[in-house]
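Please keep the sequence and the three-dimensional view at hand while reading.

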Amino acid sequence: MESERVVDFQSLTENVGRFNLRNKTFLIPQMSKIGSHLIAATFRGFGVNAKVMDTCKGLDLGKEYTSGKECYPCQITTGDILYFLKKEEERLGEDFNPKNCVYFMPESDGPCRFGMYNKYQRIVLDSFPELKSIKIGSLTTKDGYSLAGIVEKERAGDLRKATYFSIVLADILDRLLWKIRPYEKEPGMADDFIERSMHVMEDSFEKYGANKDFDKILDKMEEIIKEGKAIIDPNIPAKPLIGIVGEIYLRTHVQANQDLIRVLEKYGAEVINASIAEWINYTAYDRFREAKIGFRFSLKQLRLGSMRYYLKRIIGFGGDLLYQEFRQNQAYKRVRSLIDLAEDHKVADLDNILKEKDLFCFDVGTEACLSIAGIVEYARGGYNGVVNVYPFNCMPSTITSAIVKPLMNELRIPYLDTSYDSSFQPGKETAIRTFMYQAYQHFKRNGRKRQI
Ligand code: SF4
């Protein structure tokens, strides 16, 4: 692949957006491994040829085609798509036709750089004449990640529901792994088991997702939980409980965070990471909240057209949120009757925590809203330590750190900020080990509230 740098700004609007996926290969980057695979399986159930791309194999390419000022997830995903296309070109030769692919890169509005990844990657892809024809399929937080337009209109709602459900069950499978791995009877048992279970769930979503036969999927999940529980060695005593918050990509992408959860486990932790569904709920909640504010404002000014507009949004986003919370509760209720997995935070509760303590505000937006309030929830839940994980220089996570550090000092709960880029930091493991020593002291003094 030969690159030539000419920026065609029209391409940023024409070739980035929502495109119909019929007869296309939908390329999904890996963030949470389980999450990406279950989403792809759900799309396949709807007749879309969805594929999860390998990750980090193209990191050198990602670094070559970024300047170093971009966030680390942007470097990784740039490398992932370039590497995938390069390999496809080698594999298919003359038959290689990127026009048949849609590369998935969502975006968010607000003050940080996530809204620009797909624009930047468009410029990079356009710099290779043979890659100009690949489209970037982008969903946005502006409409709560609506899937309208990417499949037939009458199926878009069902696809969104099934995809959301796949995200919830991927969170649950991840939580099962973090629950059983610190107490496994033999090293490696939990990882092998979860890998197998991921494939079982992929089959379930492919088979039942399109018909929204969620009970059948939950039946399978129950079987997995029962089998997974048997991996726990009852003779291993309870360990300090550590909560993770932070930037969504870094905290869920195992290679990007240099397998942080495993390192914490190595030094004696049981870990719970914030979920991905929480972010989806947050986007629906935030749009709902904005619509309510807009409606009140229009009411004061008696602007009927605008009132109607906001009312429609209140009903739409309020409905999405209600549905999501209903499905999430349904899934957690079933699995929690079998094992004590951590439930997800309710976004309205997180909003109330910020208001009550006047720590931050949803008006500012970003993941800092979730991380700051999530940390307070962990503290109230009797966790023995909290880790904030993020890409080097990440804006929302730096805000989180500035607000939370003094608070954790006051509460006397061990707290660690840990940022990552592609470099290896020799002092990192020492910092984690020291943090775990403090967490263990906290655990000895206060115990922990959750069961194994
Ligand atoms: S959340 Fe952080 S890493 Fe992600 S785009 Fe924003 S600044 Fe970059």
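**The nonpolar core**

Of the 128 residues in the largest nonpolar core, Leu 27, Leu 169 and Leu 173 touch the most other members. Such a core is a set of buried Ala, Val, Leu, Ile, Met, Phe, Trp, Tyr and Cys residues joined through C-beta atoms within 7 Å. A residue is termed buried if 20 or more other C-beta atoms lie within 10 Å of its own, exposed if 12 or fewer do, and partly exposed in between, with C-beta atoms placed from the backbone. Helix α6 (residues 153-180) is the greatest contributor to this core, giving 14 residues. At least three residues of the core come from each of domain 1 (15-143) and domain 2 (238-274 + 345-452); the domain bounds come from an automatic or database domain assignment. Helices (H or I, at least four residues) and strands (E, at least two) are DSSP runs, numbered from the N terminus.

The model is a predicted one, in which local features need pLDDT of at least 70 and side-chain atom pairs count only at pLDDT 80 or more, while totals for chains, interfaces and linings use all residues. Residues are numbered from 1 along each chain as its sequence is written.

Strand β2 (residues 25-28) pairs with strand β3 (residues 49-52) in the parallel sense, over four bridges. Within this pairing, Phe 26 stands opposite Ala 50, and Ile 28 has Val 52 as its bridge partner. To pass from β2 to β3 the chain goes through helix α2 (residues 33-45), and this β-α-β crossover is right-handed. That term applies if, with the strands pointing away from the viewer, the path from the first strand over the helix to the second runs clockwise.

Strand β2 is also joined to strand β4 (residues 101-104), by three bridges, and these two strands run parallel. Here Thr 25 stands opposite Cys 101, and Leu 27, already met in the core, stands opposite Tyr 103.

In a regular strand the side chains alternate between the two faces of the sheet. In β4, Cys 101 and Tyr 103 point one way and Val 102 and Phe 104 the other, and all are buried. Strand β4 is joined in turn to strand β5 (residues 135-137) by three bridges, again running parallel, and Val 102 has Lys 135 in β5 as its bridge partner. Between β4 and β5 the chain crosses through helix α5 (residues 117-126), in a β-α-β crossover that is right-handed.

**Individual positions**

Most residues other than glycine have a negative phi, and most peptide bonds are trans. Gln 258, although not a glycine, has a positive phi of about 50 degrees. It is placed in the loop between α9 (248-252) and α10 (260-266), and counts as partly exposed because it has 17 C-beta neighbours inside 10 Å. Asp 358 likewise has a positive phi of about 50 degrees without being a glycine. This residue is found in the loop between α13 (347-357) and α14 (368-380), and it is exposed, since 7 other C-beta atoms lie within 10 Å.

Two helical residues complete the tour. Ile 180, in helix α6, is buried, with 25 other C-beta atoms within 10 Å. Its C-alpha atom is separated by 7.0 Å from that of Lys 229, 49 residues apart along the chain. Gly 318 is found in helix α12 (residues 304-336) and counts as partly exposed, with 17 C-beta neighbours inside 10 Å. Gly 318 and Arg 287 are 31 residues apart in sequence, and their C-alpha atoms are 8.6 Å apart in space.

Key. Two strands pair if DSSP finds at least two bridges between them.
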